[in-house]
Amino acid sequence: MSDDASAADRPGVDPLLRVEDLRTVFYTEREEIHAVDGVSFDVHEGETVGLVGESGSGKSVTARSILGLVDEPGRIEEGAIYYRGEDLTDDNWDTHRGDIAIVFQDPGGSLNPVYTVGNQIREALRIHQGLRGSEARERAVDLLEDVGIPDARRRVDEYPHQLSGGMQQRAVIAMALACDPDLLVCDEPTTALDVTIQAQILDLLAELQREENLAILFITHDMGVIEDATDRVNVIYAGEVVERGPTEALFESPQHPYTRALLDSIPGRTPPDEQLPTIEGEVPTPAGPATDCRFAPRCPAAVDACRTVHPEHYDVGEAGTDRTAACLLHGDAHHYSFEEALADPEGLGRHGRARESRTDGGDRS
Amino acid sequence: MSDSPGTGEYAATGDATHRERRTDAEPFISVRDLRTYYDEQTLLSRDPPVKAVDGVSFDVYDGETLGLVGESGCGKTTLGRTLVGLESATDGTVEAEGREVTDLSGGEQREWQRRVGMVFQDPEESLNDRQTVGESIREPLDAHDWPFLPVAVEGVDATVSGSTVVPIDEAASADRADITVRVDAGDYEVSVREKLPLSREDVSVSVDRDSATVSVSVAKSKAEIRRERVFELLDRVGLNEEHYYRYPHQFSGGQRQRVGIARALALEPEFLVLDEPVSALDVSVQARIINLLEEIQDELGLTYLFIAHDLAVVRHIADRVAVMYLGNIVELGPAESVYTDPSHPYTLSLLSAIPGSGSPWSGERVELRGTPPSPRDPPEGCPFATRCPAKIRPDDPDLDEETWRALDELRVVFRTRSRAEFSTLETLRGLVGAEVDPESVEEAVDDLLGDRELPPDARATVDEAVDLAVHGNDAEAAALLRDAFGSRCDEELPDVYQRDEGWKHRCLRHESGYRDAAETVDARERDDGN
């Protein structure tokens, strides 16, 4: 991971990847789902950018959109995805096929069970680097060694089922590296793994980044992993980025009520003898364009305006740090702190906002 | 861990800084040297059994939450399933109130199944998609013909009659009765157990003093009582009556888990095994389910065994924690003590691997090499020896730290090779006596030892091992290296050491003369050897 967290601040440097107002919509018989609804972020060379959110937030669809892997009934409707300044959505994916690689959550799904690990890596080497024969074989062994698989020369001839989950994920990363990518998109790469194995994979990714100056887009629901693995982070909720910033600053003082609530509900951050703070309700499915704040129905600090105004991003950090939050609390009209909003909701001009109380206390269907 | 009576009473003396303790706690369940093996011997395979649980001993106290942590494949789920009778124990005992419960039959087994419940990680496992949620929760009630409606008669010696009710055994205490009839000189009084969805008005009683009979009839059918019980349960877990008629696929993950909990509570159990109940849930939903489980425990006085791989969750919910590795409990103690000052190197490694600032571990992350060995073939000595970052090194003045570690790792490579499942082709090659690709052996050795200077003795041993490995004798190669460079940890299964009241672990470093695990790991990080 790069040390300068404010990579976004490099003047005159085009980002490696720039996602601009991306909108990916799925059309089903009953409704259209705006799974990704105006997402923008940058990834610079050699840095790790996180995309964190709960299930249904649209983070994986964002990843698939970047790779050009959105299938029917989904479509990228608006926005641009610039790779080194070139818009991929102009059907440029094939030109950059090897430049961006992806690692999925389930390594078993990325490996073909009937071919040896070595076969699959050699295939990638043949397609992307034109290597064949013993040259490809040597390179495959090297790659397996690079990703920390012991006894690589033996392992290269094994089938995926002969490897443990952690070793399979290493093999998948080796396959991704076989394309010699500049950007690695990791979609929940450690979620299926045990915590000690997760630690190994995170260390491996950090090491590969140092050695290859690899940029990583790291997608996960796990705030702890985001905190350890990324330089900058985007918090995504119901298809929209609601807060972004340098990881350390964002964790230290979250500025969007959703980020705050998400961090609070992690068990390690609350003393064991206290009840965990919770967020009532569920992530909504964005069925149309946003006309309000999508978090408002669950937000403890929401005001009337939150239901009628779609909040834009406001700067909430030091100048030039690309630290923003999409919350009216930070708008010109209010500019209250979260604490103030909670303590004195009337002061925000709210008139008896009907707080939704759930008699069932459960997660609503 | 061997837990002689009287040594494990942490709950009676525990530090008051954590959560309030139930001060009069007795063991609800006592597990001694429990083993659960899976033996799949067929005509074609002669594999040794999978030793999923390999000799564990512990108590779970009345009203406490014992957390059980460990990585996948460590045997924690099998252990939980064995306690509630879903797997049969291979050896050892599980006692509840002095009675052995692993080997019950018939009525006694059903009685035990009523007293214990299980909540699964994936609620779908226990929910049938073609049954409504209400039917799913009702199923155990139907299966056990709940309620049993035992009637106790106080004051006179009388026989009980009635079509749905059963007389209660006199020896059994009246507090197990659902309906109590108190008869005195001229009158009688009827009471109904509070927790039952049945009111006094639903019960009609007539007392015939001449023939000394009490006949009891209940206006509600059992089916009605069950239905109302299900409504109560739905309410208890934060759902409502209308959910009775819905199907599981109409529910979110959090709601399905609530249904799983309601179902586990149906028969009024005293002890719940919670197997990764929140692992599949988003963090905000997870928090709500954890709070619900804590509320239910307080309200119903339940005892929990909470199984999870997420250490932060366990820290939040558990009073005590047991750490499991490869079928063994390697450390057990009060949760806060174990989390802040772990004794066993595995506990330490697990804690250090928790990502983010929520981690209780402030030091450097300890990276474990490799993966756990197969439970078919656990190591001979300490189960953790093949990966331990604090392994005791042998007294060999000729080997420096780095070299010893490389040799140790080489042995693990040979060991892994000897245990690998071979592809058919490789097996055939072995049968016809074809040699292993010598290049792969040499590269592995080269990788680890490089051009390191070895003392002549050591070099000779390594050459001999390589020769064995090239001829396919990986096991012998590993054994040779073990004899030459192995440490105590490779030979001895550590005893159970008592670190403090109710805090035990199994690591040889507890013996005097050794640095403890944390210091050792720290020193090795700084590379000044041992």
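## Chain B overall

In chain B, residues 24 or more positions apart account for 69% of the contacts with a separation of 6 or more; two residues are in contact if their C-beta atoms, placed from the backbone, lie within 7 Å. This is a predicted model, in which local features need pLDDT of at least 70 and side-chain atom pairs count only at pLDDT 80 or more, while totals for chains, interfaces and linings use all residues. Residues are numbered from 1 along each chain as its sequence is written, and chains are lettered from A and ligands numbered from 1 in the order in which they are written.

Chain B has 17 helices and 19 strands. Helices (H or I, at least four residues) and strands (E, at least two) are DSSP runs, numbered from the N terminus. Of the 530 residues in chain B, 46% are buried. A residue is buried if 20 or more other C-beta atoms lie within 10 Å of its own, exposed if 12 or fewer, and partly exposed in between, with C-beta atoms placed from the backbone.

## Contact between the chains

The contact takes 47 residues from chain A and 49 residues from chain B. On the chain B side, helix 6 (253–265), helix 7 (283–300), helix 8 (311–317), helix 10 (345–352), helix 11 (401–419) and helix 13 (438–449) each supply at least two residues. Helix 7 of chain B gives the largest share of that side, seven residues.

By class, the side of chain B that touches chain A has 21 polar, 16 nonpolar and twelve charged residues. Ala, Val, Leu, Ile, Met, Phe, Trp, Tyr, Cys and Pro count as nonpolar, Asp, Glu, Lys and Arg as charged, and the others, Gly among them, as polar.

## Helix 1 of chain A

Helix 1 of chain A spans residues 59–67, and its buried residues include Lys59(A), Val61(A), Thr62(A), Ala63(A), Ser65(A) and Ile66(A). After this helix comes Gly68(A), with a positive phi near 70°.

The loop between helix 1 and strand 4 (74–83) of chain A holds Pro73(A). The peptide bond from Glu72(A) to Pro73(A) is cis, with omega near 5°.

## Backbone features in chain B

A cis peptide bond also runs from Trp146(B) to Pro147(B), with omega near -5°. Pro147(B) lies in the loop between helix 4 (133–143) and strand 7 (150–154) of chain B.

Asp33(B), in strand 1 (residues 27–38) of chain B, is not a glycine but has a positive phi of about 50°. Asp33(B) is partly exposed, with 14 other C-beta atoms within 10 Å. Glu97(B), also a residue other than glycine, has a positive phi near 50°. Glu97(B) is found in the loop between strand 4 (91–96) and strand 5 (99–100) of chain B, and counts as exposed with 12 C-beta neighbours inside 10 Å.
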